[in-house]
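These are my notes on the model shown here.

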Amino acid sequence: MATFFIADTHFGDAHLIERRRRGFASVEAHDAALIARWNARVGAADEVWHLGDFAAHASREHCAAVFARLNGVKRLVRGNHDSNRVLDLPWAEPPLESARISVPDEAGRTWRLFLAHYAHRAWPGLWRETRHLYGHTHATLPDTTRSCDVGVDAWDFAPVGLAEIVARQDAATLVPEELAPRAMR
C-alpha cells in the first residue's frame, strides 16, 4: 500500500478550468483527465489524502459519480470549496480541518507530515523535522525545504507520492522563515 497526496482537483468547476494553465476543452474533459491520471497512479488499496477543494460548483450527483470512479482509500482535509456535497461523500474517515500523520517511505523511514489546505508559515512539528503539505495556492508559492503545494497545478494534474515530495523539498533553496535565522534546512 502506498500513500499519495493531492489537492485542488476542483472537479466540476468550469470557472477554474478556464483559468488553469493547461487548457481543457470542457469540464468533462478536465474531470476525465484528472480521473485517468489519479487511477494511473493509485491502486485500490493505496491511501490518498486529498488536501481540499475536491469539487466546486458541482452537483451532489456529479461529486458522487467522480468520487466513485477514483481508486484508493480516500481521506479529506477540508478546503474552502468543500461544502456538504463533498463532505458527505463516503470518505474513509470524517473530513478534517488539518492532520498530523506519519507515513513510512519505501526504505522504511517514517516521515512526520502536517497536512492542511492552506499554506502555513510555521506549523506543528516544524522544529522536529515535520514536513508541511498544502493546497489552495495553485502552484503560486515557492517550495521550501520543509513545505510544498501538492495541488494538481504543481504536479501535472496527478496525485504525488512521498518520495517525490521529499525530493522536491530537499532540492528547494528556500528555508522556512522560522528556521532561517539559525541556518537550519
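1. A nonpolar core is taken here as a set of buried Ala, Val, Leu, Ile, Met, Phe, Trp, Tyr and Cys residues joined through side-chain atoms within 4.5 Å. Buried means under 20% relative accessible area, exposed over 50% and partly exposed in between, with a 1.4 Å probe and protein chains only. The model is predicted: local features need pLDDT of at least 70 and side-chain atom pairs count only at pLDDT 80 or more, while totals for chains, interfaces and linings use all residues. Residues are numbered from 1 along each chain as its sequence is written, and side-chain values use heavy atoms, leaving out hydrogens and water.

2. The largest nonpolar core has 25 residues, of which Phe11, Phe54, Ala55, Leu70, Val86, Leu89 and Trp91 touch the most other members. Two or more residues each come from strand E1 (3-6) and helices H2 (27-41), H3 (60-69) and H4 (84-87); these are DSSP runs numbered from the N terminus (helices H or I, at least four residues; strands E, at least two). H2 gives the largest share, 4 residues. A separate core of 20 residues includes Phe5, Val77, Trp111 and Trp155.

3. The axes of H2 and H3 (lines fitted to C-alpha atoms over the stretch in contact, with angles from 0 to 180 degrees between N-to-C directions) come within 10 Å and cross at roughly 30°. H2 is therefore roughly parallel to H3, a label for angles under 35 degrees. In contact (heavy atoms within 4.5 Å) are Asp31, Ile35 and Asn39 of H2 with His62, Val66 and Arg69 of H3.

4. Val175 lies in the segment after helix H5 (162-171). Val175 is partly exposed, at 24% relative accessible area. Its C-alpha atom is 5.4 Å from that of Thr145, 30 residues away along the chain.

Methods. Parallel < 35°, antiparallel > 145°, perpendicular 65-115°, else oblique.
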